[in-house]
Amino acid sequence: MTTHQSFRDHLRAIPSLAGSAPTFDPAQHPSTPQELFLEWFHSAESAGIQEPHAMTVSTIDADGAPDSRMLVLKDLTADGTWCFAGRRDSTKGIQLGTRPVAALLFYWRELVRSVRIRGPIVESSSDEARADFTARHLDARAVALSGQQGTLVTTATDLAHDVDTAAKRLAADPNLAPEEWAIWKLDPTEVEFWQGSATRLHTRLRYQRSASGWDVVQLRP
């Protein structure tokens with residue numbers, strides 16, 4: 001049996017910050033965080049990182065407790081909002097309806113880089129949401145259309161039946177989209193870029209929204 005002490009020692013022995021960080025001069029930052037994000041994102045793609053658009057999305061529940069899950073980035077708009085999608089009647093949708101704020105976290109281990117983004121949430125138009133839903137893979141649409149996300153599975157048969165029923169509805173109407181489907185847009189008040197170092201002398205660059213645009217400062221590790 002693994003004891004607490006031995007597991008703690010095991011964790012300490014696991015290498016960290018094992019990636020290879022590209023050259024980054026925080027003094028040469030662009031004027032907006034979306035510009036730097038796109039630079040880092042394309043660097044992650046060029047490095048062959050799988051699913052560079054995967055991110056942790058954190059929300060706040062009715063009791064004020066944080067809640068997180070993994071989603072994929074749907075868009076970074078020209079005016080600088082980060083977008084993700086889901087059903088309004090899901091756990092995250094209910095939380096965003098009650099407290100429309102969120103935080104995003106991207107982590108590209110191979111480049112020892114992460115980006116944290118937080119701010120208020122606004123919904124896109126219903127046309128944008130419908131276009132996003134109909135562009136999804138058929139299997140993903142069938143699962144999303146079956147609804148009841150996050151509720152208890154009664155039996156595997158019931159779950160399969162609901163998804164199969166949704167798939168048949170989509171076969172009959174390929175443009176079908178649930179009214180509950182939404183695109184949420186995070187309008188950032190703060191974006192922090194972190195590049196790790198094996199010496200722990202990490203580089204942290206923070207963009208903070210102000211009345212005149214973006215204030216950019218470097219933070220201590």
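The model is predicted, so local features need pLDDT of at least 70 and side-chain atom pairs count only at pLDDT 80 or more, while totals for chains, interfaces and linings use all residues. Residues are numbered from 1 along each chain as its sequence is written, and side-chain values use heavy atoms, with hydrogens and water left out.

Select helix H4, residues 126-134. Helices (H or I, at least four residues) and strands (E, at least two) are DSSP runs, numbered from the N terminus. Ala-129, Asp-132 and Phe-133 are the buried residues of H4 (buried means under 20% relative accessible area, with a 1.4 Å probe and protein chains only). They fall within an arc of 95 degrees seen down the helix axis, so they line one face of H4; the arc is that of the directions from the axis to the C-beta atoms. Their cover includes E4, H5 and E7 (contact means heavy atoms within 4.5 Å).

Next, select H5, residues 138-146. Its buried residues are Arg-141, Ala-142, Ala-144, Leu-145 and Ser-146. Helix H6 (156-172) is among the elements that cover them. Just past H5, Gly-147 has a positive phi of about 75 degrees.

Move to E9 (203-210) and E10 (213-219), which pair antiparallel over seven bridges; pairing requires at least two DSSP bridges. A two-residue hairpin links them, and Arg-204 sits opposite Leu-219.

Finish at Glu-192 in strand E8, which is buried at 5% relative accessibility. Which side chains make polar contacts with the side chain of Glu-192? Arg-116 does, at 2.7 Å, and so does Arg-204, at 2.7 Å (N or O atoms within 3.5 Å, one able to donate a hydrogen and the other to accept it; residues adjacent in sequence count only if both atoms are side-chain atoms).

Key
Buried means under 20% relative accessible area, exposed over 50%, partly exposed in between (1.4 Å probe, protein chains only).
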